[in-house]
Every structure is written in C-alpha cells, then in structure tokens.
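Biologist: I have a chain open in the viewer and would like to learn how to read it. Where do we begin?

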Amino acid sequence: MRSPLLLCGVASALLYVLTDISAGLAYPGYDLADQAVSELFAIGAPTSRPVVLLFSVSSLLLFGFAYGVWTSAARSNRVRLLATMFACSALVGLALWNIFPMHMRGADKTLTDTMHLIFATNPFVLLTLVTAMSAFGGWFRWFTLATTLGTVLLAILAFRHAAALGADLPTPGLGLTERASQYLYLLWQVGLSMSLLGVRGAAPQEPR
C-alpha cells in the first residue's frame, strides 16, 4: 500500500520554492538573481520571520515524506537508508533556519555565520542522491545521476561567491546558480514522490 505521506515530498518542495520567490519579491531591494536564499532569513532581514516559519514547515513535511519512503520500502534496506537520509536532511534544515541564520550584509559576523556556512552545505542532500542511485535501477537511476551532476556543478558555481558574500561584496549570479541547484534537487524529489505513488509511470525499480 502506497503511503499518502509520499505527497509530503511534493508539498515540501512546492512550499520551499513559493516561499523563496514570494519572500524575494517582498523584500525591498532584494535581487533574486544575485543574492543568496539565506539572506531572506538573515538576522534582521524584513522577511526573516515568515521565511523561517514556512521553511520550517517545509522541513517538517520532508520528515513526513521520509516516513512515507520508509513505509514504502517493502523490507528494502537501501530504501530505508534513503528515508533516513531525507530525515537527516530535514533535521539539518531545521537547525539552519532556526538556530544558525547568517547576519545581513554589512553587519558584524559571529559564530552563527560560521555555523551557517557549515550547515548550509548539508551533505545529506548529496548522500540522498547517492543512496537513491544504489536503491533504484532503470530510468530513475539515470535521472538521479543527471540530477546529481547538475546539482553539484551548480552548487560549486554558487560556492565561488562565498568569500565575496562574507566580505559584503557584490555577488552577481549567486542567486541564479544557488536556486538552480536547489530547484533541480527539489524537482528530483517531486519526481521520486510521484514515481513511488505510481503517477505517470511505473515506480522506480529496485536493482536485483
């Protein structure tokens, strides 16, 4: 029986994207193309409170999705490991939004900025993709491989701006590359959710 909690994977991704875009448009002077997502919930940012709240709800929905993946595992240890990676990623997200936000540009940096950079890398995103390539075969494995390569490449391009962001210098293209990396991963997450639910195609095959 397919768990309705698998729909949480879609809801989590959509809520994150809608929050990001709407907050970016509501923040006076904010540039979606050149500024980081983290600046939307930075300490002192006018959009901080609603973004932290909605991003936290998105992470909680990801926990629900993780449990849905776990219950759909059919005794597969690899799929259960995948569910665990999703849960760990959600936990890192909650810590990032609520405990370790960065400061706005121009403000003095503290320990929370250092911790923010560490948590923002969220290694469980990449581990989730790698685990999925092991857990599933067929077309979904190739889809996951393409997503992994695209996500990593775009994340590297975004990370090049880390020093400039810390020094309060212009970061042209940071928002575009960071969002492209995140949205590509979220698209994959939606694809996994829909596949496990059996929507528009067979569920991803588990390798024998």
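Modeller: Begin with the idea of a contact: two residues are in contact when heavy atoms lie within 4.5 Å. Keep in mind that this is a predicted model.

Biologist: What percentage of the contacts between residues at least 6 apart in sequence join residues at least 24 apart?

Modeller: In this chain, 71% of those contacts do.

Biologist: Which elements make up the chain, and in what order?

Modeller: Read from the N terminus, the elements go α-α-α-α-α-α-α-α. That is eight helices and zero strands.

Biologist: How does the radius of gyration of the chain stand against the globule rule?

Modeller: The radius of gyration is 17 Å, and the globule rule gives 17 Å for 208 residues, so the chain is as compact as a globular protein of that length.

Biologist: Next, burial. How many of the residues are buried, as a percentage?

Modeller: The cut-off comes first: buried means under 20% relative accessible area, exposed means over 50%, and partly exposed lies in between. By that test, buried residues are 47% of the 208 in the chain.

Biologist: How many positive and negative side chains does the chain have, and how far apart are the centres of the two sets?

Modeller: There are 12 positive and 9 negative side chains. The centres of these sets are 20 Å apart.

Biologist: Let us turn to the backbone. Which phi does Asn122 have?

Modeller: Its phi is positive, about 35 degrees, although Asn122 is not a glycine. Asn122 sits in the loop that links α4 (111–120) to α5 (123–135).

Biologist: Is Asn122 buried or exposed?

Modeller: Asn122 counts as buried because its relative accessibility is 11%, and the cut-off for buried is under 20%. Leaving out neighbours within four places in sequence, Asn122 is in contact with Ser89 and Val92.

Biologist: What is the phi of Asp168, and where does this residue lie?

Modeller: Asp168 also is not a glycine, and has a positive phi of about 60 degrees. Asp168 lies in the loop between α7 (162–166) and α8 (174–196). With a relative accessible area of 34%, Asp168 is partly exposed.

Biologist: Thr171 is in the loop between α7 and α8. Why does Thr171 count as buried?

Modeller: Because its relative accessibility is 3%. Beyond four places in sequence, Thr171 touches Asp34, Arg105, His161, Ala164 and Leu165.

Biologist: Now a helix residue. Where is Leu154, and which residues does Leu154 touch?

Modeller: Leu154 belongs to helix α6 (residues 138–159). Residues up to four places away in sequence aside, Leu154 touches Thr177, Ala180 and Ser181. Leu154 is partly exposed, at a relative accessible area of 23%.

Biologist: How far is the C-alpha atom of Leu154 from that of Gln182?

Modeller: The separation is 8.8 Å, for two residues 28 apart along the chain.

Notes
Residues are numbered from 1 along each chain as its sequence is written. This is a predicted model: local features need pLDDT of at least 70, side-chain atom pairs count only at pLDDT 80 or more; totals for chains, interfaces and linings use all residues. Side-chain values use heavy atoms; hydrogens and water are left out. Helices (H or I, at least four residues) and strands (E, at least two) are DSSP runs, numbered from the N terminus. The radius of gyration is taken over C-alpha atoms; the globule rule is 2.2 Å times the number of residues to the power 0.38. Buried means under 20% relative accessible area, exposed over 50%, partly exposed in between (1.4 Å probe, protein chains only). Lys and Arg count as positive and Asp and Glu as negative; His and the chain ends are not counted. The place of a charge is taken as NZ of Lys, CZ of Arg, CG of Asp or CD of Glu.
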